[in-house]
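Here are some notes for a colleague who is opening this structure for the first time. Please read them with the model on screen.

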Amino acid sequence: MEAWHQLYAPLGGTIVSALVASIPLIALFYMLAFRKSKGHHAAIVAVICAFLCAVIAWGMPVSIAASSFVYGAAFGLFPIIWIVITAVWVYNMTVDSGDFEYIKASIARLTDDRRLQAIFIAFAFGSFLEGTAGFGTPVAITAAMLAGLGFTPIYAAGMCLIANTAPVAFGAIGVPVIVAGQVSGISDLHISAYVGHQLPLLSIFVPMWLCCAMCGFKRALEVLPAIAVAGCCFAASQFFFSTYHGPTLPDIMSALCAIVGLMVLLRVWKPRAIFRFEGEPAAKIDDGPAPTTGEVIRAWSPFIILAVMVFLWGLPQFKALLNSVPGSVITFAWPGVDGLVMRTAPIVPEPSVYAAKFTLNWLSAGGTAILIGGFLAVPFMKGYSFGRAFGCLIKTIYVLRFPILTISLILGLAYLMNYSGMSSTLGIAFTMTGSAYPFFAPLLGWLGVFLTGSDTSSNALFCGMQRSTAEVVGMDPTLAVASNSSGGVTGKMISPQSISVATAATGMVGQEGNLFRFALPHSIAMTIIICVLTYLQSGPLSWMLPSF
């Protein structure tokens, strides 16, 4: 079969073509925000719209369109859904064994204030998980933990989505920035430093943002010491490690500094008034004897083991060792797509094949690390057995059947839009803004993460074009590439993939529209901040940027 060449203005003009390319996204937005549809219903409508646009307007052969959709859906199953299933399974085991009651008690004795619990778990612990594993792991685990602690489902999910912004650019041991460097041809150390001169200015406010979203500005001021410690520890560490070390450690070290800082603070300071949600009864968790140190350590052991495992699996050297095991990596060309789609100018200088390789790295995948960690934790759970653990895994898969469908559909949509050229059409439309491009550059990253649910995928999609466009309009190319990653972090919270993970973890399946409406204003506000910052750093505030 002859290769099909992508077209980026099939309807005669970039603007008109971009408006048509946006139809699937508008449909998805409408179904979630206004119709309050279930996630898989909204995704089905968006996929149908994208398929019709790709075939009719972009002239994509039906067989290639169908294969690209299936290719994306397969990527949704592995490695994304593999992570979600195993992460929720570990949490479910702690509940099933009764150990989560000890976790609740230990956190409540540290603090039973909902604001501080959100900062500690959603922001600090979630950032550690993002830094080590990424790809949905932090939201899946921390949202489930907050729900188990008694947070209302919408706040358990919403707080974790908002918190999962600051660490995203350096998630999974810095993979998004490393990919940005590979795609753009700019040193990932330089990109890391530029991102490190942007995101800390947002990160320092995220704990305050969480509290304000929960209880308003006035009540947030009651825990200002904790907000300041968490935000400053995280932002300062993120700035230092991203600027002077590189992209691999900022999240992990920032999270650890924030966790230690909060634990030290809470030993000498407590808020005067305890905040709980409206109608929530006063906590009775302190009644009765306190759990022993051994009981607390045993209860936390699944998450301690999980953190160690995902940290090990995230190390490039260890991942390479796992991938060297015979049969542990299965890579093949995806039939019906690989070699059959050609990218053209201005996306690439010369026509080149848009490869479609599927890699089943079953041993080094993040979900496998969590699965092994879960089974290693079984002996530490009181009265638990491997039989019960396996049964819990089967039950977890059944409960997550609709989120599994939703995530597969969303990734299929993203890949269909990518291989048809529709995503590139949207990106090219942003490049027509001329001297105002520095303001709009982060929006490309935001759009890419909304489409794919991944800052890594967004950088792979747009960073090459970011560099070439910046050179044309006279913008610092490194700043443009960095802003793609920085802007992408604010799109994470409204990505249908992330929302599906959060609803699955908190028992809100079918309420994806409500969660999308909750997160949307926060995403827009944070995105505007990054856009304004990037615009100013390209001009009057250029002195803020590192020099090499």
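1. Arg298 and Asp99 are both buried. In this predicted model, the two residues form a salt bridge, with the closest N and O atoms 2.8 Å apart. Arg298 belongs to helix H15 (residues 293–314), while Asp99 sits in the loop between H4 and helix H5 (100–110), so the pair ties together parts that are 199 residues apart in sequence.

2. The structure holds seven salt bridges. Another of them joins Arg388 to Asp96, where the closest N and O atoms are 3.4 Å apart. Since Arg388 is in helix H18 (residues 386–399) and Asp96 is in helix H4, this pair ties together parts that are 292 residues apart in sequence.

3. Glu222 is partly exposed, its relative accessible area being 31%. Arg219 likewise counts as partly exposed, at 28% relative accessibility. Both residues belong to a network of salt bridges that links Asp113, Arg115, Arg219 and Glu222. As a general point, side chains of opposite charge can pair when their charged atoms come close.

4. In soluble globular proteins, nonpolar side chains tend to be buried together.

5. Which residues does Met145 contact, leaving aside its neighbours within four places in sequence? The list is Tyr91, Phe100, Ile103, Ile121, Phe125, Trp300 and Phe303.

6. One aromatic cluster is formed by Tyr71, Phe75, Phe332, Trp334, Tyr354, Phe358, Tyr415 and Tyr419.

7. Two arginines are placed over tyrosine rings. Arg343 lies over the face of Tyr354, 4.5 Å from the ring centre, and Tyr354 is a member of the aromatic cluster described above. The charged end of Arg401 sits over the ring of Tyr398, at 4.1 Å from its centre.

8. On the strands: three of them form an open sheet with mixed pairing, in the order S1-S3-S4. Strand S1 (4–5) and S4 stand at the edges with a single partner strand each, so one side of each is left without a neighbour in the sheet. S1 and S3 pair in the parallel sense over two bridges, and His5 stands opposite Met342 in S3.

9. The last point concerns the backbone. The peptide bond from Ala345 to Pro346 is cis, with omega near 5°. Where is Pro346 placed? Pro346 is in the loop between strand S3 (341–343) and strand S4 (352–353); S3 and S4 both belong to the open sheet.

Terms used: Residues numbered from 1 in each chain as written. Predicted model: local features only at pLDDT ≥ 70, side-chain atom pairs only at ≥ 80, totals over all residues. Heavy atoms only, no water. Helix = DSSP H or I, 4+ residues; strand = E, 2+ residues; numbered from the N terminus. Contact = heavy atoms within 4.5 Å. Phe/Tyr/Trp six-rings, centres within 6.5 Å; stacked < 30°, edge-to-face > 60°. Lys NZ or Arg CZ within 6 Å of the ring centre and 35° of its normal. Salt bridge = Lys/Arg side-chain N within 4 Å of Asp/Glu carboxyl O. Buried < 20%, exposed > 50% of the residue type's maximum accessible area, 1.4 Å probe, protein only. Pairing = 2+ DSSP bridges.
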